[in-house]
Structure formats: C-alpha cells, structure tokens
Amino acid sequence: MAGGNRFRYGSWRGGPDPLAPPYDVRAAVDSVGAEVLAGGSLRDALRNLLRRGPEGRGGLDDLLARARRLRREALRRGDLDGAVTRSQALLDQALAAERDELRGRDDPEARFNEAVLDNLPRSTARAVEELSGYQWASDQARATYQQILDGLRRDVLEQRFSGLRDAMRDAADPAVQRQMAEMLRDLNDLLARHDRGEDTTDAFAEFMRRHGDLFPEKPANVDELVDALARRAAAGERLMRSLSANQREELARMMESALGPELANQMAQLTANLRSLRPDLSWDRAERVRGDQPLGYGEAAGALGEIADLDDLLDQLGQEHPGATLDDIDVESVQRNLGRDAADDVRRLRELERELRRQGWVSRGSDGLTLSPKALRRLGGTALRRIFSELESGRRGEHDLRSAGAAGEVTGASRPWEYGDEQPLDVVRTVARAVRRGGAGVPVTLAVEDFEVVETERRASTAVALCVDLSFSMISEGRWGPMKQTALALAHLIATRFPQDSLQIIGFGREAMPLSQQELAGVEPDLVQGTNLQHALKLAGRHLRRHPGAEPVVLVVTDGEPTAHLDPETGGGIFNWPPLRETIEATVAEVDQLTRYGATMNLFMLGEDPGLRRFVDAVARRSGGRVFTPELEDLGRYVVSDYLRTRRGRR
C-alpha cells in the first residue's frame with residue numbers, strides 16, 4: 001500500500017503462478033496421442049499418463065516406489081518373537097531374585113520351593129502357567145513375574161483396542177478386567193446380531209454410550225467399528241501365522257495366561273465375529289519380518305498391520321484389477337502411510353482424470369478409460385499435420401507405378417487421346433481407327449492419332465475402404481505406429497475436408513473386421529497367425545456397394561502375402577503357411593469382383609517379402625491398380641497423397 005487506500009500492482013515474482021492449473025489437460029491428451037501414434041496401445045498410453053503423472057511427475061509409479069520402500073523397511077523392523085523373548089528375560093530375572101531369597105532361608109518350605117523352581121519346564125509359556133499358583137517368597141520376584149502377565153495383557157488389549165491405554169494403567173485390577181470382559185461381551189453380542197442381518201442401529205448407539213470412551217476413532221456405525229477392529233485383529237492373527245510353530249504355541253499359551261479364561265474366551269469370540277464380517281482381510285497370511293530389535297506384541301502386530309495397509313495400498317495404486325479407478329485409492333491411507341504430499345499427488349491425478357472427462361477428452365467404460373471422439377479428432381489432426389508438413393517439404397520416396405485405374409464413372413463415350421490423359425484406353429476404337437487409316441490386314445500399325453480414351457465423369461464423392469494389416473509381424477517390425485497414424489490421418493482428412501466422402505477402415509489378421517477410429521486407436525496385436533486379405537476385400541466390397549453413387553477406391557496396407565481365407569462352410573478363418581492355393585484363389589476372386597465393380601485398388605507394400613512382391617504385382621496387373629513400396633516414415637504421405645490424387649482425378 002502506497003499511502004491511504006492506494007495500492008501498487010505488479011507481476012507475480014513469488015514462484016510459479018498460484019492461479020495456474022496444476023496440469024495441462026491438452027498436453028496430457030497430446031502425450032497419450034504421441035504414444036498411440038508411435039504404435040503404443042491406447043489402454044497402455046492412458047494408463048501410463050496416470051502412472052507417470054502429468055509432465056512426468058507425481059504419478060502412481062512414484063507412489064508405488066515409495067510404498068514398496070516402506071514395506072521393505074517394515075519387513076526389517078525387528079524380531080516378531082520379541083514378546084516371548086522379553087517374557088523369558090523377565091522370567092529369568094524373577095527366578096534369579098526368588099532363588100536369592102530362598103538361599104537365605106533355612107526351612108523345608110524354602111527347599112521345596114527350590115525344587116519346584118528347578119523342575120520348571122524349559123518352555124517359557126508353560127513355566128509361566130505353572131507359576132500361576134506359586135507363593136513367591138521375594139516381593140521383587142513376584143512383581144517381576146506379574147509384570148510379564150500385566151505387560152502382555154496390556155499389549156494385547158491395546159493392540160486390539162487403541163483407546164485402552166488409559167483404562168489399562170492397572171491391568172491387574174480385577175475391576176478393570178471385569179470392565180474389559182463386560183465391554184467384550186457387549187461387543188460380541190452387537191457384532192453377532194449385525195452378522196445375522198438384524199437392525200443394530202439402537203444397539204450400536206447404546207454400546208457407544210456405555211463404552212464409547214474406549215474407541216477414540218468415534219465410529220459412526222457398526223461397519224466403521226468393524227473396519228477399525230477387524231484390521232487390528234487380522235494383524236494379530238498374521239503375527240501368529242508369521243511365527244514358527246513353537247513360537248506360536250509359546251505366545252498363545254502366554255496370552256491365555258495373561259488374559260485369563262474369561263477375557264481369552266471373549267477375545268477368541270471377537271476374532272471369530274470379525275473374521276466372519278470381514279473375510280476379505282488377509283487373516284492367514286504370514287510375513288518374514290527380520291531384524292535385530294526384539295518387538296513386543298503390540299509393536300510386532302503394528303508392523304504387520306502396517307505391512308497389510310501397504311499391501312492394500314500397493315494393490316490400489318497398481319490399478320491392475322478390472323475396472324480399477326483412481327477413486328479406489330484410499331487417500332487417507334495414502335496420507336497415513338506415505339505422507340500429505342503423496343495424498344496431494346493422488347488428488348491431483350483424480351482431478352486430472354475428472355477434468356479429462358469433464359472436458360470430453362476421455363470416457364470411462366467397462367474396460368477403463370478410452371479416448372473420446374473429440375480426442376481422436378485432435379489425434380487425427382496431429383497425424384495429418386505431420387503428413388502435410390512432409391508433403392510441403394517435398395520429400396520423395398521410391399514407388400512403383402504399375403497401371404492407372406479408372407478415374408471415374410464411364411460415360412460410354414470416347415475421345416482422342418491428348419498429352420497428359422490418364423484415362424483408360426478404349427482398345428476397340430483405337431484399333432478400329434488404325435484399321436480405317438491403314439486398311440485391313442496384319443499387323444495393324446498404330447499411330448499417335450489412332451489412340452482414343454474412355455471418357456469418364458468425375459463423381460462428386462468417393463467411397464474409400466482402407467484395409468490395414470493387423471498381423472503380429474506389423475508390430476514386431478515396427479510398422480504398427482505408422483499404420484495407425486496413416487489411418488487416423490486419413491479419417492481426419494475425410495471428416496474435416498471431404499465430409500461427402502465415406503471411409504471404412506478394415507483391419508485384417510486371421511479374419512477381418514470394420515474398425516471405427518476409436519477401435520483402431522485401441523486395437524492391439526493378436527498373436528494368432530494369419531493375413532486374411534480375402535475377408536478384408538469382401539468387407540471393402542460391401543462398403544463400396546453401400547455407396548453406389550461414389551467413386552470406389554480400395555487402399556491396402558500390408559507386409560505379408562495372404563495366408564488365410566474364410567472357410568465357405570464355417571465362415572471362420574483358415575490359416576496355412578505356405579499359402580494354400582485356395583487362399584490365393586479366394587483372394588483373387590475378391591479382387592476380380594472389385595475390379596468389375598469399377599473400384600480402383602492401390603496396394604502399399606511394407607517390407608521386401610518376395611512372396612508379397614509377386615502377389616501384389618499380379619493383383620496390380622489384374623486390377624489396373626498401383627503398387628507403392630514406401631519407407632515406413634513415408635507411409636502416411638503416400639496414402640494421403642494417393643487419396644487426394646484420386647479426388648482430383650489425376651490418376
């Protein structure tokens with residue numbers, strides 16, 4: 001403020017623009033498109049956007065790496081058998097103090113007690129059991145022994161009920177134990193009724209009124225209560241499964257001694273109820289936790305609970321299960337385990353996905369995210385701009401011109417040939433003119449003025465069937481990306497510049513199928529062998545005949561000779577290598593049908609397969625079409641140029 005109410009404004013100099021969005025939606029769409037145009041899977045490209053994160057930061061992969069690192073650290077937290085080893089150390093202290101006290105006494109009872117101590121089982125748990133009725137001579141020994149029971153009882157109950165720390169200050173107090181037993185009875189009754197499907201609304205409210213101070217999470221209903229308790233109970237069960245058989249038996253015996261019959265019974269019933277209500281948790285999973293630091297019961301169960309939380313988080317962040325979405329990720333769990341910045345990253349990714357959907361760039365179906373028509377138009381426009389930039393730069397490649405096909409609808413008339421004409425010759429009238437000029441007899445000598453060409457009338461629209469090879473060799477040889485880019489660019493050109501034209505993209509492997517732009521962008525290679533050009537040409541013919549007033553054009557992009565055809569009886573694809581005679585004949589029959597219909601057929605041959613070369617040369621001669629052999633980077637330029645040349649009538 002510069003005096004009074006006057007203010008001075010200037011450009012922001014405090015770092016990044018605070019009003020700028022945390023992501024660039026169009027840049028995100030373009031990064032997906034670049035991966036698709038390079039031959040990548042649409043599904044993988046969208047998945048990678050979320051995995052890498054916008055601008056390559058803050059994605060799911062970063063969060064996964066952090067969660068895996070924390071899990072590895074938790075697995076090295078310490079020795080799970082710490083509860084037993086600590087109890088063993090306390091027992092040794094108690095016995096040492098008791099023996100010192102007994103050695104100072106000279107009476108038969110002292111000698112008897114020494115004999116009892118000398119004959120205790122080697123098992124810590126069994127020794128603790130047998131000493132439950134022992135009359136300690138040493139006050140220090142009695143207190144140390146009681147510490148074993150009270151400490152384990154406190155650890156078990158605090159692990160299962162996080163709010164019991166204050167209530168369990170005097171775990172040896174019978175009144176406190178009765179309070180715990182009463183709470184457990186009420187809890188088990190509530191959960192049993194809930195498991196039977198009864199309405200527990202009022203019962204839950206009464207339970208929380210009586211015991212709510214023991215549950216700091218303040219659950220709003222029975223399900224939230226079950227969720228909190230079940231995760232801790234499952235961690236305790238995983239602890240038992242992670243110990244050796246001897247360790248498990250020792251800890252179970254000690255827990256029973258510490259809890260007493262009533263509490264132990266109620267705790268077992270609680271575990272059974274929670275297990276019935278939440279069977280999806282990993283109750284029986286064992287972990288190999290190792291470390292030098294002995295862990296008490298609560299610490300060990302806490303470590304296993306943390307590992308279980310991280311396992312759930314890894315599953316959520318992995319997004320591998322069908323129908324997985326970012327909404328499946330528990331942001332609170334992310335913040336609890338990975339920190340607030342990680343939770344913010346998840347929120348940003350969710351916001352990016354929502355914004356992509358809101359602006360109409362992607363849609364979500366049963367198979368996950370997919371590009372919308374709006375995004376495909378942008379993708380096709382990008383591909384087309386690349387191709388036009390190559391056209392304007394004047395790049396040239398090698399191609400073979402076999403013969404010119406029909407340029408339009410035959411009118412039935414002919415005219416003298418002129419320099420530059422590419423219409424088909426009228427052979428009958430050309431020879432007749434030569435005979436009239438030179439007289440009857442053979443050989444007939446042709447002169448330039450004898451040639452006549454068939455007059456054609458340009459059609460107002462074009463029906464184009466673009467047949468693209470989807471066989472596995474296309475991706476193994478790196479031809480998948482250029483093929484997709486070419487088809488998407490041609491589709492965009494026709495949709496925006498020549499909407500009166502009709503394009504059908506037809507993909508063919510062992511069998512052929514019509515493809516929309518969206519299906520083409522998402523199509524993935526199939527390991528099934530077969531190049532069924534016959535089926536593709538059959539579908540191309542159907543498309544052309546649906547547009548009888550349009551100029552028919554068939555463009556074929558392939559890298560292998562036909563190796564499959566449709567079985568006349570079953571309609572399924574029949575594959576064989578080397579190609580069967582029936583395959584070649586069936587394919588040529590479709591070529592002949594298209595030629596008789598007047599379709600122009602141009603073939604774009606990728607690779608240098610000799611069998612394919614012989615086949616496409618024969619097809620070109622038979623159909624009056626052309627064969628092009630472009631380099632991969634020139635494929636789109638050749639196909640688009642050929643289409644434009646067809647529309648201009650310069651064939």
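Predicted model: local features only at pLDDT ≥ 70, side-chain atom pairs only at ≥ 80, totals over all residues.
**Pocket**

I started with the largest pocket, which holds about 850 Å³ of space.

Which residues sit closest to the centre of the largest pocket? I found Arg231, Gly305, Asp309, Ser333 and Arg336 there, out of 30 residues in the lining.

Next I checked which elements give two or more residues to that lining, and they are α10 (222–242), α12 (297–318) and α13 (331–338). The largest share comes from α12, with 11 residues.

How do the lining residues divide into nonpolar, polar and charged? I noted 15 charged, 8 nonpolar and 7 polar.

**Aromatic pairs**

Then I moved on to the rings and got 6 aromatic pairs for the structure. I wrote down two of them in detail.

Trp136 pairs with Tyr145, with 5.3 Å from centre to centre and 35 degrees between the planes. I have it down as tilted, because stacked would need planes under 30 degrees apart and edge-to-face over 60.

Are Trp136 and Tyr145 buried or exposed? Both came up as buried.

Phe207 and Phe215 make another tilted pair, at 5.6 Å centre to centre with 55 degrees between the planes. I looked up burial here too, and Phe207 and Phe215 are both buried.

Last entry: which residues do ring pairs link into a cluster with Trp136? My note says Tyr134 and Tyr145, so the Trp136–Tyr145 pair belongs to a cluster linked by rings that pair when their centres lie within 6.5 Å.

Conventions:
Residues numbered from 1 in each chain as written. Heavy atoms only, no water. 1 Å grid on protein atoms, 1.4 Å probe; cavity = no way out; pocket = protein on both sides within 12 Å on 5 of 7 lines; lining within 4 Å. Points joined across faces, edges and corners; volume = space filled by probe spheres on them. Helix = DSSP H or I, 4+ residues; strand = E, 2+ residues; numbered from the N terminus. Nonpolar A, V, L, I, M, F, W, Y, C, P; charged D, E, K, R; others polar. Buried < 20%, exposed > 50% of the residue type's maximum accessible area, 1.4 Å probe, protein only.
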